[in-house]
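Here is a walk through a two-chain structure, going from the overall make-up down to single residues. Have the viewer open as you read.

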Amino acid sequence: MAVNPIYHQTKSTLLQERDWISEAKKDPERFGPLYTKYHEQIFRYVYQRMDDQEQAFDVTSQVFIKALSNLHKYEFRGVPFSSWLYRIAKSELYQSFRDRKAKRTVNMDTVHLINITDEFDDDDLVEDKDKLFRCLAELREPDLQLMELRYFEKRSYREIGEILDVTENNAKVKTFRALERLKKQFLK
Amino acid sequence: MKKTNTTLDREPMNSEAIRQRQNFNYILKETAAAKIPIWKSIWFYGPVGIAMVTMVVSAVRMNPKNETYDNNTTLSQIQAIPATQVSTDHATIESFESTIAEVPTAESEEIPTVVVEKQIESTVSTDKVDDNTKLKPEVLAEENIEIEPVKSAPVVIPVVEKKIARTMPNIAGVFSGRISVLQICSAGMIHCNNGYQVISYDIQYDNGAGSTVDRVSGSRIPSYICANLKRYNVGSPVFITKIIAMNEKGERKQLLSMSLEPTF
């Protein structure tokens, strides 16, 4: 499965990002390049889990406001700045659901479902897409999140690990187990 | 109940449309507005509050003038007391009922204002009172003395006579505090100023079997009491209370109680 290339960065781009961050810590206006770079990524992450587009823009703005307010706490650890933003986005997203008493949304494409069924290694299972759709909706939240990150958003295990604050291997194992549970549910 | 909403094949959003919604100025503005000023944060109030309390406490403790002697005694009043050279090594004023203000010093002097609860104005000739008959501020505090503020700044001491608030009983010039047993017994009686003479009093002392209270008529100290004082009361307090005195006109009054500490 092809993975989203946006997340992966060369060493030089990571170092440049570090410079932007240290400048932004001194002067918030220097946060501009980081905002421009990551706004779309964060918006798509948020909108993937929400119904309302305007609400998604609001949450995205809130993510950057939180990031800029707490930038002095950020420590560069050799991973893209976006992993920190994703964690803030996740927190803001759930806060928004609580505030609005809204339900989380799972947005799926038919292509995503095909990606998952490819992983089942069983041609007979591919046919019943509606059932797979229902089973995905009934997954537990952590499993659903892993499915989204891996199969809908096409993220690498390394990126998933950085977003969820676990190791790459752990992310891989968790995703595999989630897939197994989905398969089990699907075969019932 | 379903935990999630599910949507299939939602129309994807254009990157250009997302980029158009970028508004970095709004982020800057909101961040500045959300920033709590340092003086409003708990991290400011904690250390600064502790520092302030520490400073106030140390200032109070380091400045002896700020000591509180009594609820009714202000700093200016306490400062006025040394001007009258009031101190007590031997004689302090002490009362079970409450209050007295002052004892004369060796030099007769005008004390501007010393007012006491249950005040009885009188003038005392100072010849009978010991040089050491002075008041300490602490004693005033213990006795809950209420002193009127001294209106003129420092006290001038040119006058020959000193006004005393009350008629004072004393033994060999000692009203209260340490006095040798020999002094008690050689004086042999309770003296009084203002033309008053003691006609009866209660004395509480240790007679060897325990503390006892004897009612004595007249101003003399009986020899058996004297003997008991020598034998059993050195170092332990002796209280002389309910001292009734009478002047030449036949006016009776109860004087302040005395607390003595006999020594060798």
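What follows takes the chains, then some helices, the cores, a hairpin and a pocket.

## The two chains

Keep in mind that this is a predicted model. Chain A has 9 helices and 1 strand. Going along the sequence, the order in chain A is α-α-α-α-β-α-α-α-α-α. Chain A has 188 residues, and 48% of them count as buried. If you take its contacts with a separation of 6 or more, residues 24 or more positions apart account for 68%.

Of the 264 residues in chain B, 39% are buried. Contacts between residues at least 6 apart in sequence join residues at least 24 apart in 70% of cases in this chain.

Start with helix α7 of chain A, residues 141-152. This helix is largely enclosed by the rest of the structure, because 10 of its 12 residues are buried. The buried set is made up of A:Asp143, A:Leu144, A:Gln145, A:Leu146, A:Met147, A:Glu148, A:Leu149, A:Arg150, A:Tyr151 and A:Phe152. Just after α7(A) comes A:Lys154, which takes a positive phi of about 55°.

Helix α8 of chain A, residues 157-164, is mostly covered too, with 6 of its 8 residues buried. Those are A:Tyr157, A:Glu159, A:Ile160, A:Gly161, A:Glu162 and A:Ile163. What do the buried residues of α8(A) pack against? Their partners are α4, α7 and α9 (168-187) of chain A. After α8(A) you reach A:Asp165, where phi is positive, near 60°.

A:Ser96 is found in helix α4 of chain A, which spans residues 81-100. Is A:Ser96 buried or exposed? A:Ser96 has 8% relative accessibility, so it counts as buried, the cut-off being under 20%. Setting aside residues up to four places away in sequence, A:Ser96 touches A:Met50, A:Gln55 and A:Val59.

A:Gly32 is another one to look at, and it is found in helix α2 of chain A (residues 32-47). Its relative accessible area is 13%, so A:Gly32 is buried as well. The C-alpha atoms of A:Gly32 and A:Trp20 are separated by 8.9 Å, with the two residues 12 apart along the chain.

## Nonpolar cores

Which residues touch the most other members of the largest nonpolar core? That would be A:Phe31 and A:Phe81, in a core of 60 residues. Leaving out neighbours within four places in sequence, A:Phe31 is in contact with A:Ala24, A:Phe64, A:Ala67, A:Leu68, A:Leu71, A:Phe81 and, from the other chain, B:Phe24. Another core, of 26 residues, lies apart from this one; its members include B:Met168, B:Val181, B:Val198 and B:Leu260.

## A hairpin in chain B

Now over to strands β7 (residues 197-206) and β8 of chain B, which run antiparallel and are joined by 7 bridges. They form a hairpin with 4 residues between them, and B:Gly208 in the turn has a positive phi of about 100°. Across the pair, B:Tyr201 stands opposite B:Val216 in β8(B).

The side chains along β8(B), residues 211-217, alternate. On one face B:Thr212, B:Asp214 and B:Val216 are buried.

Rolling a probe the size of a water molecule over the atoms shows where empty space is left. The second largest pocket has a volume of about 530 Å³. Its lining takes in 20 residues, and nearest the centre are A:Leu68, A:Ser69, A:Asn70, A:His72 and B:Lys35. A:Leu68 is also one of the contacts of A:Phe31.

Which helix gives the largest share of the lining of this pocket? It is α3(A), with 5 residues. At least two residues each come from α1 (11-26) and α3 (53-69) of chain A and from α2 (24-34) of chain B. By type, the lining of the second largest pocket divides into 9 nonpolar, 6 polar and 5 charged residues.

How values were computed: Residues are numbered from 1 along each chain as its sequence is written. Chains are lettered from A and ligands numbered from 1 in the order in which they are written. This is a predicted model: local features need pLDDT of at least 70, side-chain atom pairs count only at pLDDT 80 or more; totals for chains, interfaces and linings use all residues. Side-chain values use heavy atoms; hydrogens and water are left out. Buried means under 20% relative accessible area, exposed over 50%, partly exposed in between (1.4 Å probe, protein chains only). Contact means heavy atoms within 4.5 Å. A nonpolar core is a set of buried Ala, Val, Leu, Ile, Met, Phe, Trp, Tyr and Cys residues joined through side-chain atoms within 4.5 Å. Two strands pair if DSSP finds at least two bridges between them. On a 1 Å grid over the protein atoms alone, a cavity is a set of points where a 1.4 Å probe fits but cannot get out, and a pocket is an open set with protein on both sides within 12 Å along at least five of seven lines; lining residues have an atom within 4 Å of a point. Grid points are joined across faces, edges and corners, and a volume is the space filled by probe spheres set on the points. Ala, Val, Leu, Ile, Met, Phe, Trp, Tyr, Cys and Pro count as nonpolar, Asp, Glu, Lys and Arg as charged, and the others, Gly among them, as polar.
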